[in-house]
Amino acid sequence: MDHSTMNHGAQPMDHAAHQAIMAAVKAPSRSATNTPRDAYRHPVETLMFFGVKPDQTVVEYSPGGGWYTEILAPLLKDKGTLYAAQAPGRGFDNLKAKLAATPDVYGKTKLVPWPETGIPADSVDTLLTFRNVHNMVMNGTEAANFKAFYTMLKPGGTLGIVDHRLPEDRDTALEKSSGYLKVSTVRRLAEAAGFQYVGASEVNANPKDTADWAKGVWTLPPVLTNGETDKAKYQAIGESDRMTLKFVKPAK
């Protein structure tokens with residue numbers, strides 16, 4: 001099977017949303033260190049697959065350094081609402097400083113602590129989480145987090161997940177240490193919380209990633225845990241092979 005052509009769950013092209021997402025990706029406010037990673041993260045295609053539109057209420061769970069926040073904030077600034085939900089600590093403080101430094105871009109972005117977000121139940125159109133589910137599995141918070149996602153989303157709302165993909169024939173124990181997860185694991189977690197699986201896109205696939213690195217996914221860019229050792233080799237592989245999964249909270 002040619003996985004590059006799989007795009008289950010895709011919807012007819014919304015040209016207005018597509019144009020708005022493209023404009024947000026090209027926003028001059030984006031960091032020069034972040035834009036080169038578009039080649040691996042495919043933000044236009046990813047956000048279109050998840051059905052993000054500029055008039056939605058969107059939650060970005062655990063934005064980290066704000067790579068996707070740099071796109072979502074200008075996209076949603078005029079007609080929508082963006083919540084950046086981050087656990088308290090250094091990451092929260094750094095993100096707060098980033099948002100405060102550019103109020104014309106981020107002034108309407110609502111930075112909220114996780115899990116005590118204050119976001120009303122059944123109020124969110126789309127909840128997005130990029131490369132975070134593996135952390136939940138590693139620290140044992142996956143069930144609680146997926147339950148919270150479900151509560152926030154409106155009936156019919158979308159949960160969009162991107163994460164590092166572990167081949168299904170590998171030892172599941174690797175999910176606790178490698179940073180990679182099986183698609184079946186993520187589906188199980190989402191469906192156990194009540195979500196229905198819509199489909200997958202292969203837009204963030206990378207067949208060069210063998211997902212068997214001694215130091216886990218962090219061997220590859222952008223982390224490059226091995227430093228200068230075999231750096232060119234890992235840079236040639238690029239960022240990890242990633243699943244891109246779409247779920248929906250069933251309509252009442």
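1. In which loop is Pro-115 found? Pro-115 belongs to the loop between β3 (110-113) and β4 (124-130), where helices (H or I, at least four residues) and strands (E, at least two) are DSSP runs numbered from the N terminus. The peptide bond leading from Trp-114 into Pro-115 is cis, with omega near 10 degrees.

2. On the basis of this note: the model is predicted, so that local features need pLDDT of at least 70 and side-chain atom pairs count only at pLDDT 80 or more, while totals for chains, interfaces and linings use all residues. Residues are numbered from 1 along each chain as its sequence is written, and side-chain values use heavy atoms, with hydrogens and water left out.

3. Overall form. The chain has 10 helices and seven strands. Its radius of gyration is 17 Å, close to the 18 Å that the globule rule gives for 252 residues, so the chain is as compact as a globular protein of that length; the radius is taken over C-alpha atoms, and the rule is 2.2 Å times the number of residues to the power 0.38. The C-alpha trace spans about 45 × 40 × 40 Å along its principal axes. Of the 252 residues, 50% are buried (buried means under 20% relative accessible area, exposed over 50%, partly exposed in between; 1.4 Å probe, protein chains only). Among contacts (heavy atoms within 4.5 Å) with a separation of 6 or more, 77% link residues 24 or more positions apart.

4. Helix α4. This helix covers residues 69-76 and includes Glu-70. Seven of the eight residues of α4 are buried, including Ile-71, Leu-72 and Leu-75. Glu-70 is itself buried, with a relative accessible area of 1%. Leaving aside residues up to four places away in sequence, Glu-70 touches Ala-24, Arg-30, Ser-31, Asn-34, Lys-98 and Tyr-106.

5. Helices α1 and α3. Helix α1 (residues 15-25) and helix α3 (residues 43-50) pack at an angle of about 145 degrees, their axes 9 Å apart; axes are lines fitted to C-alpha atoms, for helices over the stretch in contact, and angles run from 0 to 180 degrees between N-to-C directions. On the α1 side the contact is made by Ala-17, His-18, Ile-21, Met-22 and Val-25, and on the α3 side by Pro-43, Val-44, Leu-47 and Met-48.

6. The loop between β6 and α10. Pro-222 lies in the loop between β6 (196-201) and α10, and a cis peptide bond joins Pro-221 to Pro-222, with omega about 5 degrees. Leu-224 is found in the loop between β6 and α10, and its phi is near 55 degrees, a positive value in a residue other than glycine. Asp-230 is likewise in the loop between β6 and α10, with phi near 55 degrees. Leu-224 counts as buried at 15% relative accessibility, whereas Asp-230 is partly exposed at 43%. For context, most residues other than glycine have a negative phi, and most peptide bonds are trans.

7. Ser-240 occupies the loop between α10 (231-237) and β7 (242-248) and is buried, with a relative accessible area of 4%. Its contacts, not counting residues up to four places away in sequence, include His-164, Tyr-180, Asn-204 and Asp-209. Lys-147, in helix α8 (residues 142-152), is exposed, with a relative accessible area of 59%.
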